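Open the model in your viewer and keep the selection panel at hand. The tour below goes residue by residue.

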Amino acid sequence: SGNLAAAVPAQRRSIEANKRVFGDRHPNYAMARRNLSQLYTELKDYDRAVELVEQDLPLRAALSPALYEDSLSDLGILYTALGKGDRAIKYLEGAVRLRLQFHGEDNLEYASLLHNLAMAYGLQGQFQRSCDYYERSLELTEKHRGKQHPDYRSTLNNLATSYKRLG
């Protein structure tokens, strides 16, 4: 919702302002560019969003593991939306490795990454792997949010769908 068409040029101005003040190797500049890619995603302009995130991968990797993890996750989600499960899996598995390395597995961000990875494996027709990832995501979501939370119900629904497709 909102006026996304007006948000894009405003975000471009924000990028330029951050570049003038901080330079093009600063976290604020990187975040402004990520915000633009997210606007493109909301506009369903996935190709532009992918292009922007891929351009920023080296910068975000150099700035911090957390920023790099976010970019890998963003690309995984975008490639899933584009129906390119093989690419989505590659990026999401990278994000999962970073999340585990720096934060362990007992957190909601890890649960979210597993959920997204399950979706990508389902897109590839690998329903057993999809089910496995949904199961672990469901456990973590229940632990941290409870069974009444919409994320729990969504994951449970996706798990049921994957089991159905598994045969």
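Which residues does Thr80 touch, not counting residues up to four places away in sequence? Select Thr80 and show its surroundings: Ala88, Leu92, Met119, Ala120 and Leu123 are the residues in contact, where contact means heavy atoms within 4.5 Å.

Before going on, note that this is a predicted model, in which local features need pLDDT of at least 70, side-chain atom pairs count only at pLDDT 80 or more, and totals for chains, interfaces and linings use all residues. Residues are numbered from 1 along each chain as its sequence is written, and side-chain values use heavy atoms, with hydrogens and water left out.

Stay on Thr80, which sits in helix H4 (residues 65-81); helices are DSSP runs of H or I, at least four residues, numbered from the N terminus. Thr80 is buried, at a relative accessible area of 17% (buried means under 20%, with a 1.4 Å probe and protein chains only). Draw a C-alpha to C-alpha distance to Ala120: 5.8 Å in space, for 40 residues in sequence. Then pick the backbone oxygen of Gly76, 2.9 Å from a polar atom of the Thr80 side chain.

Next, select Asn107, in the loop between helix H5 (85-103) and helix H6 (108-123). Asn107 is buried at 10% relative accessibility. Its side chain reaches the backbone oxygen of His103 at 3.3 Å and the backbone nitrogen of Glu109 at 3.3 Å. Beyond four places in sequence, Asn107 contacts Arg99, Leu140 and His144.

Last, select Arg33 in helix H2 (residues 27-42). Arg33 is buried, with a relative accessible area of 13%.

Terms used: Helices (H or I, at least four residues) and strands (E, at least two) are DSSP runs, numbered from the N terminus. Buried means under 20% relative accessible area, exposed over 50%, partly exposed in between (1.4 Å probe, protein chains only). A polar contact is a pair of N or O atoms within 3.5 Å; within protein, one must be able to donate a hydrogen and the other to accept it, and residues adjacent in sequence count only if both atoms are side-chain atoms.
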